[in-house]
Amino acid sequence: MGNIVMFTIFAAVIVISALLCVTTTRIMRAATYMLFVLLGVAGIYFLLDYTFLGAAQIAVYAGGVTMIFVFAIQLVSKRSLQGMEERVKASKMITGGLAALAGLVVVGLILLKTGFVTQEISNTELPMKEIGMALVGSGKYQYVLPFEFISVFLLACIIGGLVIARKEEKQ
């Protein structure tokens with residue numbers, strides 16, 4: 001019963017913080033709300049006894065990525081941030097809501113088609129060696145290629161941010 005209560009609290013923190021993150025007009029508040037989302041996800045990992053994933057979530061995402069965002073926000077001059085407030089039109093909001101609803105329907109259909117919803121949960125634990133091989137293996141259903149793709153993509157984002165920052169300095 002206690003796990004359900006804690007999960008509900010973490011889920012509420014995640015959903016409320018995510019909504020506040022995308023609806024606020026102040027960029028520092030958005031970064032702070034994103035931090036709460038990432039900490040809530042770490043809390044769910046700890047609740048599931050995935051202590052390594054919870055610690056990695058806090059260290060890498062909540063700590064590292066959020067600090068990168070905050071530093072990037074602080075590096076941008078206040079002059080370029082003034083007057084950068086965008087109001088969302090109702091048509092864009094409706095389009096976004098319909099896209100989110102379509103995504104939810106697709107995910108629901110995939111879960112029903114694969115039998116994930118009706119699947120029995122086994123109490124057997126996977127050995128850590130098998131999890132490690134799935135994360136860094138290059139075979140079928142292994143994740144080394146997506147991991148490398150994401151790291152190259154993040155590197156490209158950092159380089160792009162530096163290029164944009166350099167262009168503004170010269171002007």
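Which backbone oxygen does the side chain of Q57 reach? Hold that thought while we get our bearings. This is a predicted model, where local features need pLDDT of at least 70, side-chain atom pairs count only at pLDDT 80 or more, and totals for chains, interfaces and linings use all residues. Residues are numbered from 1 along each chain as its sequence is written, and side-chain values use heavy atoms, with hydrogens and water left out.

Let's start with a pair of helices. Helices here are DSSP runs of H or I with at least four residues, numbered from the N terminus. Helix α1 covers residues 2-23 and helix α2 covers residues 27-47; their axes come within 8 Å and cross at roughly 160°. (Axes are lines fitted to C-alpha atoms over the stretch in contact, and angles run from 0 to 180 degrees between N-to-C directions.) That makes α1 roughly antiparallel to α2, a label for angles over 145 degrees.

Who meets whom? On the α1 side you'll find, among others, F7, F10 and I14, and on the α2 side Y33, F36 and I44 are among the residues in contact, meaning heavy atoms within 4.5 Å. The residues of this contact divide into 16 nonpolar, four polar and no charged. Nonpolar covers Ala, Val, Leu, Ile, Met, Phe, Trp, Tyr, Cys and Pro; charged covers Asp, Glu, Lys and Arg; the others, Gly among them, are polar.

Now back to Q57, which sits in helix α3 (residues 51-75). Its side chain reaches the backbone oxygen of L38 at 3.4 Å. Leaving aside residues up to four places away in sequence, Q57 touches L38, V41, A42, Y45 and A62. Q57 has 7% relative accessibility, so it counts as buried (under 20% relative accessible area, with exposed being over 50%, using a 1.4 Å probe and protein chains only).

Finally, take a look at the loop between α2 and α3, where D49 is found. Most residues other than glycine have a negative phi. D49 isn't a glycine, yet has a positive phi of about 65°. At 64% relative accessibility, D49 counts as exposed.

Methods:
Helix = DSSP H or I, 4+ residues; strand = E, 2+ residues; numbered from the N terminus. Parallel < 35°, antiparallel > 145°, perpendicular 65-115°, else oblique. Polar contact = N/O pair within 3.5 Å; in protein donor to acceptor, adjacent residues only side chain to side chain.
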